[in-house]
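Hi everyone, and thanks for coming. Let me put the structure on the screen, and then we can walk through a few parts of it together.

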Amino acid sequence: MARDKYVAYVSTYTQGDSHGIRVYDVDIAKGRFVEKDKVEISNSSYLTISNSGKYLYSITDFGVEAYRIEKDGTLGMINHAPINGMRGCYLATDFTDQYLFVAGYHDGKLTVLRLSEDGSVGEITDEIFHKGLGSVAERNFRPHINCARMTHDNKYLLVADQGMDHVNVYRFDPEKGKTALADIIRSDMESAPRHIRISEDGRFIYIVHELKCYIDVYSYEEQNGMPYFEKIQKIQTIELENGSNNATSALVFSKDYNYLLSSVSGNNSVVIYNVDKETGMLSEILCLPISGEYPKDAALFPNNKFLVSLNHESDTMTFFAVDLKAGTLAMNGPAIRISQPNCILFHKLES
């Protein structure tokens, strides 16, 4: 029986090297990568793949870029589109692949762009600048949008604002590509909600908070034409300690949605949770070091037997064998050198 084949896309900042996306062949059986290709793009801070699996989109200094995913996993340039603002930090499509949402950390701006059937990025259909004053502590005194994700029913856009310590919930008009504020999910002061993930069936929302190192879990449903969120769990990624510089970054589901992974800089660890798909609740399996500095992103391999950590400050990817039943990680070969990695996506190739 033929084994599924995967590639991995890794985005990086580009200081001294113009190639901001690396493409790797994935050895699923051995839990390793072999570089396959590299793409010229400036400061690719985040990537997303369309729900169709045909296209990849990336942040760049000059807006966003669209790529066609070739049969062998390499990328073919489609087009570039400006976002009429400062460089974004996150992007995602809606579930019909008709729109692209870009989160702007630096200017607190949400940008909505129309997508064409050929994957190209078109015109801007909406622009929202978050406003207000947060708690005056370090950077968290003004809007910083760090994530924008659509609910699975394609009705509401969830936008995490680290500076304001809340997630804005926008009703989305799929005909016009316009947003309208419908609700606000509020977090603890100075907690800095960073990334949002949604369960496979769309019933549960997971929000990771960078500065206070915890994940909030909400149930979600629409009632009488309005979104309804109920907090069902708050769980620490790591216990807070006075004077520590710990900060949580990644929030990633395993391919089968059975596990949720997060990473913590400062103590430079990864934490993996079991996901109860019926209740949405999380239970910790392990929290262990990743042998690098600032694990900005991390992911389980599609077979859940290996893990890769993108260590932004030590310029490495480190690899581990994972035993989720025993709750252990073991180094799996040498680190791969890569300058300032930001984001990783696995992609299954067509047979």
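This is a predicted model: local features need pLDDT of at least 70, side-chain atom pairs count only at pLDDT 80 or more; totals for chains, interfaces and linings use all residues.

Residues are numbered from 1 along each chain as its sequence is written, and side-chain values use heavy atoms, with hydrogens and water left out.

Now, the names. Strands are DSSP runs of E with at least two residues, numbered from the N terminus. Two strands pair if DSSP finds at least two bridges between them. In general, strands of a sheet pair through backbone hydrogen bonds, either parallel or antiparallel.

Back to β17, which covers residues 204–209. On one side, strand β16 (residues 193–198) runs antiparallel to β17 and is joined to it by five bridges. These two make a hairpin with five residues between them, and Gly-202 in the turn has a positive phi of about 80°. β17 also pairs with strand β18 (residues 214–223), again in the antiparallel sense, over six bridges. Here Phe-204 has Ser-219 as its bridge partner in β18. This hairpin has four residues between its strands, with Cys-213 in the turn at a positive phi of about 55°.

Is β17 buried or exposed? Six of its six residues are buried, where buried means under 20% relative accessible area, exposed means over 50%, and partly exposed is in between, using a 1.4 Å probe and protein chains only. In a regular strand, side chains alternate between the two faces of the sheet. In β17 both faces are covered: Phe-204, Tyr-206 and Val-208 are buried on one side, and Ile-205, Ile-207 and His-209 on the other.

Let's move on to the rings. Rings of Phe, Tyr and Trp (its six-membered ring) pair if their centres lie within 6.5 Å; planes under 30 degrees apart count as stacked, over 60 as edge-to-face, and the rest as tilted. That rule gives 13 aromatic pairs. One of them is Phe-33 with Phe-346, an edge-to-face pair at 5.9 Å centre to centre and 70° between the planes. Phe-33 sits in strand β3 (residues 32–40) and Phe-346 in strand β29 (residues 341–348), so this pair ties together parts that are 313 residues apart in sequence. Phe-33 counts as buried, because its relative accessibility is 6%. Phe-33 and Phe-346 also belong to one aromatic cluster with Tyr-24, Phe-301, Phe-306 and Phe-319.

What about strand β3 and its partner? Strand β2 (residues 19–27) and β3 run antiparallel, joined by eight bridges. Val-23 stands opposite Asp-37 in β3. Their hairpin has four residues between the strands, and Gly-31 in the turn has a positive phi of about 70°.

Most residues other than glycine have a negative phi. Asp-315, however, has a positive phi of about 55°, and Gln-340 has one of about 45°. Asp-315 lies in the loop between β25 (306–311) and β26 (316–323), and with a relative accessible area of 22% it is partly exposed. Gln-340 lies in the loop between β28 (336–337) and β29, and at 17% relative accessibility Gln-340 counts as buried.
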